[in-house]
Amino acid sequence: MKILIADDEALSRRLLEKTLERAGYEVIAVENGKLAFEELCKPGGPRLALLDWVMPELDGPGVCRAVRVRSEQTYVYMVLLTSKGTKEETVLGLESGADDYLTKPFNAEELRARLRVGERILLLEDRLVEARENMRFRATHDTLTSLLNRGAVMDLLTRELHRSHREQKSTAIILGDVDHFKRINDTLGHLVGDEVLIEIANRLLGEVRSYDFVGRYGGEEFLVVLNSCDPAFAPTRAEEIRLAISHRPIQTAKGPLDLTMSAGLLLSSEWGVKSLEELLHQVDSALYQAKSAGRDCLRIASPTVRAEPPLAPLPQSVRLRH
Amino acid sequence: MNKEGQELTGQVWNLAELLDRIDNDQELLRDLLNIFKEDFPRTMQSLESAVAAADLKNASRLSHTLKGMLSSLGATRAAAAAAKLEVLATAGETTSLRGALDALGHEAESLVPELNAYMAEVHH
């Protein structure tokens, strides 16, 4: 574990450094408070710090205050070292944000024991952060497929639509629905249905770039958002994504299944400023049209001329405005 | 020296206590003595200049540094003398500084030969 020591006096610094190295720490030693603060701010920097009280540039309590002001970063456990020892100074040191306080000259065994306390606190913090991250993931992701859930995908889409409008780019929204999915559940059971949904989620994720996103919109409905997507290529991209489901069978416990997907596509640049609800309603209508047209096809939601559905395979030259 | 005597005056150099603190690490002890040999005279000299110039801020800072250095080394009495000097400099007792500095110098005169003798002994 990394530990920072800050002391302007070379002999005490060497003493600390060696004591801590022997205790198994990876020691970073600096000679003033300013350097100490810089080390503690580095990504992956030490999370344990022993700070001398009196130092040039920035004193120990000053380092503690500066470190505590930062909010987003991980917790740093800081111990002030000093030859001072009055009650007032102890209080002042702890009030500045230090976790512990040790008077010099310190005993190696006591120092190690106090640092173990610090490590316990840091371990506790790690566990809390991990638990919080798990909760955050669960609050924004679908349990079965691990895709973004409906709420999360809507939030991201709202933000993305604002951004693309601001930057005069286009966001492509694809709403896909697995054809005849109910039959799978009814005839092969829910477990197979779940297998299918997981595989579809993986295939959709495999089709998009790292900055696009895929969410589970409803039972067997998936929302794919292509950020900053060139409108000229959007229909081709949407078709590729849709065909990723049908181009090879999906393996399940009850054997391989040949499945298809119907999809609606909408390009935000064609719609000007519209509410998210309105756009989702439009792309849902396009999906409905694809279903009505016999499924396994793509339909495009266009505000002016309702584009006639191209025959599969989709020609490269397809344009939304004529 | 008996226990009572220690409490009254402290030792010039409490080697046993230092070795205990550093888990008997002889290599580290040599390191510390080398750093001391280099840093102590330099800091003392700066302190003398500060006292001569009645520069309270630097006198306080430098005596603090010496206090830390001496107490880390287990030089109990010299550390106490440096601490006294720091208190006086911080309190602005300009007139008492000279005497306190002399007292520290006096402690150093007993300490340094003891350290040198130890180093010579270890080298052989």
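Trainee: Where is the place of Arg237(A)?

Mentor: Happy to start there, and do keep in mind that this is a predicted model, in which local features need pLDDT of at least 70, side-chain atom pairs count only at pLDDT 80 or more, and totals for chains, interfaces and linings use all residues. Residues are numbered from 1 along each chain as its sequence is written, chains are lettered from A and ligands numbered from 1 in the order in which they are written, and side-chain values use heavy atoms, with hydrogens and water left out. Helices (H or I, at least four residues) and strands (E, at least two) are DSSP runs, numbered from the N terminus. Arg237(A) sits in helix 9 (residues 234-246) of chain A.

Trainee: Is Arg237(A) buried or exposed?

Mentor: Buried means under 20% relative accessible area, exposed over 50%, and partly exposed in between (1.4 Å probe, protein chains only). With a relative accessible area of 19%, Arg237(A) is therefore buried.

Trainee: Which residues does Arg237(A) touch, not counting residues up to four places away in sequence?

Mentor: Contact means heavy atoms within 4.5 Å. Val208(A) is 29 residues from Arg237(A) in sequence, with 9.1 Å between their C-alpha atoms. Leaving out residues up to four places away, Arg237(A) touches Glu207(A), Val208(A) and Leu226(A).

Trainee: In strand 8 of chain A, what is the bridge partner of Val214(A)?

Mentor: Two strands pair if DSSP finds at least two bridges between them. Strand 7 (residues 213-216) and strand 8 (residues 221-226) of chain A run antiparallel, joined by 4 bridges, and a hairpin of 4 residues links strand 7 to strand 8 of chain A. In strand 8 of chain A, the partner of Val214(A) is Val224(A).

Trainee: Which strands of chain A stand at the edges of the open sheet?

Mentor: This sheet has 5 strands in the order 2-1-3-4-5 in chain A, with parallel pairing. Each edge strand has a single partner strand, so one side is left without a neighbour in the sheet; the edges are strand 2 (26-30) and strand 5 (100-103) of chain A.

Trainee: How are helix 4 and helix 6 of chain B oriented to each other, roughly parallel or roughly antiparallel?

Mentor: Axes are lines fitted to C-alpha atoms, for helices over the stretch in contact, and angles run from 0 to 180 degrees between N-to-C directions. Under 35 degrees counts as roughly parallel, over 145 as roughly antiparallel, 65 to 115 as roughly perpendicular and the rest as oblique. Helix 4 (residues 56-73) and helix 6 (residues 94-123) of chain B pack at about 25°, with axes 13 Å apart. Helix 4 and helix 6 of chain B are therefore roughly parallel.
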